[in-house]
Amino acid sequence: MTRRHGYALLAAIVALIVALSTAVYVSVAADPGTANRTSLSGSRPAHPSAAPASAGVWVGTWSASPVGAEPGTANEGMTGRSVRNVVHAAVGGTSARITLSNLYGRSALTVTHASLALAAGPRTAAAQAGSTRRLTFAGDTTVVIAAGSQVLSDAVALAVPAGGDLLVTTYSPVLSGPVTYHPTARQTSYAGPGDLTKDETGTGYTERVDHWRYLTAVDVLSGEADGTVVAFGDSLTDGKNSTADANTRWPDFLNRRLRTALAAGRDLPRYSVVNEGIGGNRVLADARGRPGENQAGVRRFRRDVLDRPNVRIVVVDLGINDILRTPGTVDPDKLLAGLRDLVRQAHARGIKVVGATLMPVGERTTWTEAREGVRQRVNAEIRSGRVYDAVIDFDRALRDPYDPRSLRAVYDSGDRLHPNDRGYERMAYSFDLDDLKGSTAARL
């Protein structure tokens with residue numbers, strides 16, 4: 001072989017390597033991620049995602065934990081009706097995907113059509129003209145979700161704006177009860193008869209509800225965020241008694257505060273903040289009701305935190321219901337062991353844990369000196385730094401300085417337990433944003 005022929009052969013080999021590398025890169029960039037998909041829609045091969053290759057990373061822009069089976073839906077579910085969930089985007093992105101859950105269903109859930117659209121405005125079922133995208137699951141418009149399972153959609157190209165509302169619509173023509181839902185959403189969603197997944201007018205949606213059905217997450221391929229912060233807690237995180245349709249839960253305030261700080265040039269991680277709060281949730285035990293509903297924090301932590309995309313920080317505000325709802329009172333050592341187990345699970349995935357002190361309960365007939373003693377013992381251990389990587393002192397931020405066992409009146413929604421909007425805002429502003437920096441601390 002001559003030297004000239006050798007150079008030509010070498011150039012051809014290099015060109016082949018570059019072409020193969022480019023193909024691999026484009027394939028990886030276009031992949032919407034299917035690690036959590038559980039689709040039983042048939043044996044047809046998956047088609048390429050509808051989303052083009054794009055820069056950015058997958059992060060959560062909205063989430064809500066599945067809580068239980070919606071009352072009154074045990075037999076028919078939402079058969080022959082369209083469900084239009086309204087959700088609020090924490091950060092923007094160029095593509096989006098959703099997670100649907102049939103965790104509390106007793107039979108397979110068949111969804112024949114699903115869509116994603118930008119809301120035309122606040123408090124409406126109408127979509128922006130031309131924004132509706134048909135969703136697919138492994139390339140099919142129909143997906144069958146087994147009882148107890150969830151499914152991740154393919155990605156669709158859609159310019160999702162930070163702080164905008166999204167409409168996620170599903171239609172199921174067959175019996176599929178009961179409905180997996182998240183109650184007390186503090187967000188109006190809709191339903192209507194027939195397949196309205198492509199309807200942009202919103203006029204067919206005759207039912208309004210204060211809960212989310214089937215939908216548990218929306219992720220975006222984002223250039224605005226590099227990771228996800230998960231707020232993991234009970235009704236205080238879920239935003240009970242906050243103003244409906246106003247997004248005034250403390251994780252909402254925290255997300256907006258972080259966005260404002262980043263826009264002002266502050267040196268902070270670019271994270272989204274999503275909400276995985278459940279009213280009545282406990283660390284150690286499932287709530288009352290049907291078996292398995294409102295799962296304990298130690299049981300749902302993997303699903304609601306560890307399996308979410310690119311989680312960097314989890315903020316834990318959990319434990320007060322263990323004290324309130326355990327007959328007699330809970331053993332503080334067992335409660336602290338449960339909280340430390342959450343930290344252990346997070347550290348195993350390289351996730352930093354910021355933990356909150358337990359807020360005051362006020363004068364309630366079920367509150368006793370023994371229960372207050374448990375709260376004080378747990379808070380003292382949290383403040384000592386022996387539980388979490390960093391501490392946010394919600395108790396100190398909202399308690400009445402003249403009556404430390406009660407919420408300060410200006411922050412109280414009226415039930416002596418849950419804050420009002422001003423109180424939730426105070427919780428978010430008591431968070432030291434610098435605690436978002438860094439990774440996990442040394443093993444506790």
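Two strands pair here if DSSP finds at least two bridges between them, and the helices (H or I, at least four residues) and strands (E, at least two) are DSSP runs numbered from the N terminus. Before going on, note that this is a predicted model, where local features need pLDDT of at least 70, side-chain atom pairs count only at pLDDT 80 or more, and totals for chains, interfaces and linings use all residues. Residues are numbered from 1 along each chain as its sequence is written, and side-chain values use heavy atoms, with hydrogens and water left out.

Back to the pairing. Gly60 stands opposite Asp219 in strand 16. Strand 4, residues 93-101, also pairs with strand 16 in the antiparallel sense, over 6 bridges, and there Ala96 has Val220 as its bridge partner. So is strand 16 buried or exposed? Of its 8 residues, 215-222, 8 are buried, so the strand is largely enclosed by the rest of the structure. Buried means under 20% relative accessible area, exposed over 50%, and partly exposed in between, with a 1.4 Å probe and protein chains only.

Now the cores. A nonpolar core is a set of buried Ala, Val, Leu, Ile, Met, Phe, Trp, Tyr and Cys residues joined through side-chain atoms within 4.5 Å. The largest one has 35 residues, and Leu100, Leu116, Leu166, Leu215 and Val218 touch the most other members. Leaving aside residues up to four places away in sequence, Val218 touches Gly60, Thr61, Trp62, Val87, Arg97, Ile98, Leu166 and Val168; contact means heavy atoms within 4.5 Å. A second, separate core has 32 residues, including Val274, Val311, Val316 and Tyr388.

On a 1 Å grid over the protein atoms alone, a cavity is a set of points where a 1.4 Å probe fits but cannot get out, while a pocket is an open set with protein on both sides within 12 Å along at least five of seven lines; lining residues have an atom within 4 Å of a point. Grid points are joined across faces, edges and corners, and a volume is the space filled by probe spheres set on the points.

The largest pocket holds about 360 Å³. Of its 21 lining residues, Ser235, Lys240, Gly279, Gly280 and Arg325 are the closest to the centre. Helix 2 (235-238) and helix 5 (320-325) are the elements giving two or more residues to that lining, and helix 5 has the largest share, 3 residues.

The second largest pocket is about 300 Å³. Among its 24 lining residues, Trp62, His88, Arg249, Asp252 and Val273 are the closest to the centre.

How many cavities of 30 Å³ or more turn up in the whole structure? The search finds 2. The largest has a volume of about 130 Å³, with 13 lining residues, of which Thr99, Gln150, Thr216, Arg303 and Arg308 lie nearest its centre. Strand 16 returns here: strand 16 and helix 4 (297-306) each supply at least two residues of the lining.

The second largest cavity is about 30 Å³. Its lining includes Ser235, Ile320 and His418, and helix 5 gives the most to it, with 3 residues.
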